[in-house]
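Visitor: I am new to this one. Please walk me through part of it.

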Amino acid sequence: MEAIEATEVSKRYGTETALDRVDLTVREGETFGFLGPNGAGKSTFINLLLDFVKPTEGSIELFGHDCQRGGVEARERIGVLPEGYSVFDRLTGRQHVEYAIRSKEADADPLDILDRVGIREDADRQASDYSKGMAQRLVLGMALVGEPDLLVLDEPSTGLDPNGAAEMREILREENERGATIFFSSHILEQVEAVCDRVGILQDGELVAVDTIEGLRESLGGGTKLVLALDPLDEGTLTTIRGVEGVETAVARDDDTVEVTCTNDAKMDILVALHGAGVDVVNFRTEEASLEDMFIEYTGTSAR
Ligand SMILES: Nc1ncnc2c1ncn2[C@@H]1O[C@H](COP(=O)(O)OP(=O)(O)OP(=O)(O)O)[C@@H](O)[C@H]1O
């Protein structure tokens, strides 16, 4: 059975189309990263999943249950970290987790959960005194209660320092190994690249790509990145490179280094064109296109 199955889902707010006929399947056991620039529709999709808002057209199923008609059964199997969740000021961290345990009728030790997300020491402090990162850890802990079959996480790394982000990745890996499906949105592409089996890229409400990271690379013609040290590196040199068939982008990194994303076949042609234009290639290496490079190619914008 599929964990998430969206069929032709659209959501309009007045004249604003937040999602436009999105078809998406997330299989049980997958870790799926949901990417898109600000305002692309990621939170809207997650809000539809959770039945916080209704689709204008189309439907979404969770474990075979329509999110609107049979959502309750499905939601019992889900752990959620919503965007911008605010903690209850008067409750301690422990009380938050106890609340989640009661409402999910789960059997868990709140301190074990708080330990897992790294705030056991702060269990009995009021959550209003928590830092942003601690509050985010607490909400993740609440999402983990009851060993959910699906974790839906909207920007889980918000507020976390690099250590916190690494711990978050580790928890996602452990949860996935336990058998949970993970669906999360993020602007932190290194994070997505490190843990996801597949990614979907949303832009202006449309799903412009869904694939493995390897698959995205291939569909961008090999997705090679060349890093060239050139003399001279000026506008004329950049124009020469951009004129070669198969070149997607050519951006100067500093005074003498340029980064070029291109198809595999274009690499040799670039060197030939530079030689023809009298440009000296001082240094030359290739790198695999990162998810960030591919995101820019698909959406024309940076993820952050
Ligand atoms: N309640 C609402 N009323 C009107 N427009 C809305 C509402 N919620 C979202 N939108 C619009 O829908 C579009 C998609 O927004 P959404 O919050 O889903 O994007 P997002 O990809 O999650 O963005 P971000 O990365 O900034 O969180 C935006 O143009 C936004 O202005």
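Guide: This is a predicted model. Start with an open sheet of 4 strands, ordered β12-β13-β11-β14, with antiparallel pairing.

Visitor: Which strands stand at the edges of the sheet?
Guide: Look for a strand with a single partner, because one side of such a strand is left without a neighbour in the sheet.

Visitor: What is the average twist from one strand to the next?
Guide: Stay with the sheet ordered β12-β13-β11-β14. Going from one strand to the next, the twist averages 20°.

Visitor: Which residue in β13 is the bridge partner of threonine 249?
Guide: β12 pairs with β13, residues 257–262, in the antiparallel sense over 5 bridges. The partner to find lies in β13. The bridge partner of threonine 249 is threonine 261.

Visitor: At about what angle does helix α9 run to β12?
Guide: Helix α9 spans residues 235–242. It lies across β11, β12 and β13. Its angle to β12 is about 165°.

Visitor: Now glutamine 136. Does it count as buried or exposed?
Guide: Glutamine 136 sits in helix α5, residues 132–144. A residue is buried if 20 or more other C-beta atoms lie within 10 Å of its own. Glutamine 136 has 23 such neighbours inside 10 Å, so it counts as buried.

Visitor: Leaving aside neighbours within four places in sequence, which residues is glutamine 136 in contact with?
Guide: Contact here takes C-beta atoms within 7 Å. With the neighbours within four places set aside, glutamine 136 touches Thr158, Gly159 and Leu160.

Conventions: Residues numbered from 1 in each chain as written. Predicted model: local features only at pLDDT ≥ 70, side-chain atom pairs only at ≥ 80, totals over all residues. Pairing = 2+ DSSP bridges. Helix = DSSP H or I, 4+ residues; strand = E, 2+ residues; numbered from the N terminus. Axes fitted to C-alpha atoms, helices over the stretch in contact; angles between N-to-C directions. Contact = placed C-beta atoms within 7 Å. Buried ≥ 20, exposed ≤ 12 C-beta atoms within 10 Å, placed from the backbone.
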